[in-house]
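The sequence and the structure come first.

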Amino acid sequence: MSKSSVEDYNSVLNNFNFETIDFKPFESWSEEKYTRNCLYRDDKFELILLCWEKGQGTAIHGHDGEDCWVYLLEGEMEEVMFSLDDLDHLREVGSQKVIPQQLTFMNDKIGFHKLKNSANGSSISLHLYAQPIENCVSYDESTKRFIDRQLNYDTFKQLALRD
């Protein structure tokens with residue numbers, strides 16, 4: 001993706017008023033895992049609403065060469081970033097607390113990350129991937145190896161924007 005395209009997505013996401021959209025009809029919740037709810041998908045990008053119960057999180061993962069933006073709608077998240085050292089060992093390189101209306105960005109050139117709901121209750125985040133991601137590498141902490149993982153949606157409900 002070109003630098004101008006990254007800047008365009010950043011600009012749209014930073015300037016869009018998400019409070020004008022009622023996301024309730026698109027939410028789905030599970031006690032077992034966070035849910036991935038697709039709001040829109042075409043060949044250029046996908047927009048996914050993630051619903052996180054307390055303590056739920058992702059494995060350490062990459063983004064199959066695509067750019068990823070995360071916008072926190074509600075709650076609080078912790079993002080931990082990782083990179084591979086010169087011996088291809090995974091190393092933590094930083095972390096941040098993500099608060100509502102904060103936008104984060106990640107891609108494979110930056111490294112890997114994991115996200116966890118750090119709120120006392122539920123959290124809701126909006127994820128934009130340019131282009132859609134069907135597979136990614138995920139780090140299995142028990143075997144200390146990356147594995148290929150196929151990504152799925154828990155729900156697919158097309159978001160309809162009105163004037």
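A search of the whole structure, which is a predicted model, finds nine aromatic pairs. One of them joins Tyr9 and Phe45 in an edge-to-face arrangement, with 6.3 Å from centre to centre and 70° between the planes. Tyr9 belongs to helix 1 (residues 3–15), whereas Phe45 sits in the loop between strand 1 (35–41) and strand 2 (46–52), so this pair ties together parts that are 36 residues apart in sequence. Phe45 has a relative accessibility of 22% and therefore counts as partly exposed, the cut-off for buried being under 20%.

Phe18 and Tyr71 form a tilted aromatic pair, at 4.4 Å centre to centre and 40° between the planes. This pair, too, links distant parts of the chain: Phe18 lies in the loop between helix 1 and strand 1, Tyr71 lies in strand 3 (residues 67–74), and 53 residues separate them. Both Phe18 and Tyr71 are buried. Elsewhere, ring pairs link Tyr9, Tyr40, Phe45, Trp69 and Phe105 into a cluster.

**Nonpolar cores**

The largest nonpolar core has 19 residues, and those touching the most other members are Phe18, Phe23, Leu39, Leu49, Trp69, Leu73 and Leu126. At least two residues of this core come from each of helix 1, strand 2, strand 3 and strand 8 (123–130). Strand 8 supplies the largest share, four residues. Another core lies apart from it and has 14 residues, among them Leu50, Cys68, Met77 and Leu151.

How many residues of strand 8 are buried? Eight of the eight are, so the strand is largely enclosed by the rest of the structure. In a regular strand, side chains alternate between the two faces of the sheet. For strand 8 both faces are covered: Ser123, Ser125, His127 and Tyr129 are buried on one side, and Ile124, Leu126, Leu128 and Ala130 are buried on the other.

Strand 8 pairs with strand 2 in the antiparallel sense over seven bridges. It also pairs with strand 3, in the antiparallel sense and over seven bridges. Leu50 and Cys68 are both among the residues of the 14-residue core.

**Salt bridges**

The structure holds seven salt bridges.

| Lys24 | Glu27 | 3.9 Å |

In the bridge between Lys24 and Glu27, Lys24 counts as exposed at 56% relative accessibility, while Glu27 is buried with a relative accessible area of 15%.

Lys33 lies in the loop between helix 1 and strand 1, and Asp154 lies in the loop between strand 10 (145–150) and strand 11 (155–156), so the pair ties together parts that are 121 residues apart in sequence. Lys33 is partly exposed, with a relative accessible area of 40%, and Asp154 is partly exposed as well, at 37%.

Lys97 is in strand 5 (residues 90–98) and Glu76 is in the loop between strand 3 and strand 4 (77–84), 21 residues apart. The relative accessible area of Lys97 is 51%, so Lys97 is exposed; that of Glu76 is 25%, so Glu76 is partly exposed. Salt bridges that share partners also join Arg41, Glu46 and Glu134 into one network.

**Gln56**

Gln56 is located in the loop between strand 2 and strand 3. Is Gln56 buried or exposed? With a relative accessible area of 8%, Gln56 is buried.

Its side chain has polar contacts with backbone atoms. A polar atom of the Gln56 side chain lies 3.3 Å from the backbone oxygen of Glu31, and the Gln56 side chain reaches the backbone nitrogen of Tyr34 at 3.2 Å. Leaving aside neighbours within four places in sequence, Gln56 is in contact with Ser30, Glu31, Glu32, Lys33, Tyr34, Cys51, Leu115, Lys116 and Asn117.

Technical notes
Residues are numbered from 1 along each chain as its sequence is written. This is a predicted model: local features need pLDDT of at least 70, side-chain atom pairs count only at pLDDT 80 or more; totals for chains, interfaces and linings use all residues. Side-chain values use heavy atoms; hydrogens and water are left out. Rings of Phe, Tyr and Trp (its six-membered ring) pair if their centres lie within 6.5 Å; planes under 30 degrees apart count as stacked, over 60 as edge-to-face and the rest as tilted. Buried means under 20% relative accessible area, exposed over 50%, partly exposed in between (1.4 Å probe, protein chains only). A nonpolar core is a set of buried Ala, Val, Leu, Ile, Met, Phe, Trp, Tyr and Cys residues joined through side-chain atoms within 4.5 Å. A salt bridge is a side-chain nitrogen of Lys or Arg within 4 Å of a carboxyl oxygen of Asp or Glu. A polar contact is a pair of N or O atoms within 3.5 Å; within protein, one must be able to donate a hydrogen and the other to accept it, and residues adjacent in sequence count only if both atoms are side-chain atoms. Contact means heavy atoms within 4.5 Å. Two strands pair if DSSP finds at least two bridges between them.
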